[in-house]
Amino acid sequence: MDNNPTKNKSRHPFGRAVLVNIGIMLFAAALLIWFALVWLDFWTDHGHYETVPQVKGLSYDVAVGQLESMGYTAEVSDSIYDSRTRPGTVVEQNPKVGTKVKEGRVVYLTITAFEPKMVTVPMLVDVSERQARSALEGLGIKNIRTVRVPSEFRDLVLSVKKDNVPIAPGARIAVTSAVVLEVGEGSVAGGDDIAAEEQEVQDAADALSSYFD
């Protein structure tokens, strides 16, 4: 039996050194992670939020000034025309009022346009009234009036006018424009003539048949 204490002691220092090094590395890793989290919180301003103010109903300039004074950035996302609202008025905002967001967030504004939206008129002549109305309404034009004019082609658009002036295909007009569709009313007399001709043919056929009988 080996009772040499010097030999037994020589087996342990290497194992202890490995454990100490592993412990140091784990401590260093934990410390590094902690520093990274602290830095990330500082960089992103974690936990600090601002409440978006109410700017709907304000003029664009006033709304931008108020938002920028609180650290936000204002940006126009859309504009709509509304004759009942003063041009340049904020009518919608995103994020909504009361939303908690970080400082520096972009607040998107929808404002009323200073001029009506302009659209391009397509070819509407020689199509049905229903098709013409559908095309105009799809462009946003709502003020559409139909005027019946003499024509053998019933419900066929013969002319498109604005302010009593014909609108050529490709013309640009405001969506608030009043558009008049001149539509054929159909020829009743033409229908009577056709019926009379058919009756004459039938009478001639009957006379010929009676002659051979």
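A: Let's start with T112, which is buried at a relative accessible area of 1% (buried is under 20%, exposed over 50%, partly exposed in between, with a 1.4 Å probe and protein chains only). Keep in mind that this is a predicted model, where local features need pLDDT of at least 70 and side-chain atom pairs pLDDT 80 or more, while totals for chains, interfaces and linings use all residues. Numbering runs from 1 along each chain as its sequence is written, and side-chain values use heavy atoms, leaving out hydrogens and water.

T112 sits in strand β5 (helices are DSSP runs of H or I with at least four residues, strands runs of E with at least two, numbered from the N terminus). A polar atom of its side chain lies 2.7 Å from the backbone oxygen of R86; a polar contact is a pair of N or O atoms within 3.5 Å, where within protein one must be able to donate a hydrogen and the other to accept it, and sequence neighbours count only if both atoms are side-chain atoms. Leaving aside residues up to four places away in sequence, T112 touches I80, D82, T85, R86, P87, G88, T89 and V91 (contact means heavy atoms within 4.5 Å).

Now zoom out to the sheet. The strand order is β2-β5-β3, three strands in an open sheet with mixed pairing (two strands pair if DSSP finds at least two bridges between them). At the edges are β2 (73-80) and β3, each pairing on one side only. From one strand to the next, the twist averages 25 degrees. β2 and β5 (residues 106-112) run parallel and are joined by seven bridges, with V76 having L109 as its bridge partner in β5. Packed on this sheet is helix α3 (residues 60-69), which touches β2, β3 and β5 and points at about 170 degrees to the direction of β5. Axes here are lines fitted to C-alpha atoms, for helices over the stretch in contact, and angles run from 0 to 180 degrees between N-to-C directions.

The bond between N94 and P95 is a cis peptide, with omega about 10 degrees. Most peptide bonds are trans, and most residues other than glycine have a negative phi. D126 is a non-glycine residue with a positive phi, about 70 degrees. You'll find D126 in the loop from β6 (118-120) to α4 (129-138), exposed at 56% relative accessibility.

After the helix comes G140, with a positive phi near 105 degrees.

R133 and E129 are four residues apart in α4, so about one helical turn separates them. R133 is partly exposed at 25%, whereas E129 is buried at 15%. E129 also forms a salt bridge with R148, at 3.2 Å between the closest N and O atoms. That one runs from α4 to β7, so it ties together parts 19 residues apart in sequence. R148 is partly exposed at 40%. A salt-bridge network links E129, R133, R148 and D155.

Over in β8 (157-162), K161 forms a salt bridge with E182, again given by its closest N and O atoms, 3.2 Å apart. Since E182 lies in β11, this pair ties together parts 21 residues apart in sequence. K161 is buried at 18%, and E182 is buried at 19%. K161 stands opposite V180 in β11 and has P166 as its bridge partner in β9. β8 and β11 are antiparallel over five bridges, and β8 and β9 are antiparallel over two.

The tour ends at the hairpin of β8 and β9, with two residues between the strands and a positive phi of about 55 degrees at D163 in the turn. N164, in the loop between β8 and β9, also has a positive phi, near 65 degrees, without being glycine. N164 is exposed at 65% relative accessibility.

Conventions: A salt bridge is a side-chain nitrogen of Lys or Arg within 4 Å of a carboxyl oxygen of Asp or Glu.
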